[in-house]
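This report is for a reader who is new to the structure shown below.

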Amino acid sequence: MIAGFEDKLHCEGIVGDGCGGGRIFFIDEDALKVYDPTTKEQILLLDGVTDAKAISKKACTVTIECENEVIKFDLSLMQKI
């Protein structure tokens, strides 16, 4: 985890842990987005994420805990599963 980085709507992709290593995954304006610090590029992955409470990543799956549902997004498929 990035030092001082404790926002529950952001998580860091660990290098060597599947897809998205070294990138920052976050919720912004009801959307799942990713930021690549190497290219400085920000990409929209999934729109329509409402009432997000927390986000986490393990291997190629980003999990978003929302008020009324849990969303899983597969980075290898680039789609909600």
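## Strands and cysteines

Ile24 belongs to strand β2, which covers residues 24-27. The model is a predicted one. With a relative accessibility of 12%, Ile24 counts as buried, because buried means under 20%. Ile24 and Asp51 are 27 residues apart along the chain, and their C-alpha atoms are separated by 20 Å.

Strand β2 runs antiparallel to β3, and four bridges join the two. Ile24 takes part in this pairing: its bridge partner in β3 is Tyr35.

Strand β3 spans residues 31-36, and five of its six residues are buried, so the strand is largely enclosed by the rest of the structure. β3 also pairs with β4, again in the antiparallel sense, over six bridges. Within this pairing, Leu32 has Leu46 of β4 as its bridge partner. The hairpin of β3 and β4 has four residues between the strands, and Lys40 takes a positive phi near 65 degrees there.

Asp47 is found in strand β4, which covers residues 41-47. Is Asp47 buried or exposed? Its relative accessibility is 56%, so Asp47 counts as exposed. Apart from neighbours within four places in sequence, Asp47 is in contact with Asp30 and Ala31. Val70 is 23 residues from Asp47 in sequence, and the C-alpha atoms of the two are 14 Å apart in space.

The cysteines come next. How many disulfides does a search of the whole structure find? The search finds one. It is formed by Cys19 and Cys60, whose sulfur atoms are 2.1 Å apart. The torsion about their S-S bond is about 80 degrees, so this disulfide is right-handed. Cys19 lies in the loop between β1 (10-12) and β2, while Cys60 lies in the loop between β5 (52-58) and β6 (61-66), so the pair ties together parts that are 41 residues apart in sequence.

Cys66 is in no disulfide either, and the nearest cysteine sulfur to it, that of Cys11, is 13 Å away.

| Residue | Relative accessibility | Class |
|---|---|---|
| Cys11 | 10% | buried |
| Cys66 | 11% | buried |

Definitions and conventions:
Residues are numbered from 1 along each chain as its sequence is written. This is a predicted model: local features need pLDDT of at least 70, side-chain atom pairs count only at pLDDT 80 or more; totals for chains, interfaces and linings use all residues. Side-chain values use heavy atoms; hydrogens and water are left out. Buried means under 20% relative accessible area, exposed over 50%, partly exposed in between (1.4 Å probe, protein chains only). Contact means heavy atoms within 4.5 Å. A disulfide is a pair of cysteine sulfur atoms within 2.5 Å. Two strands pair if DSSP finds at least two bridges between them.
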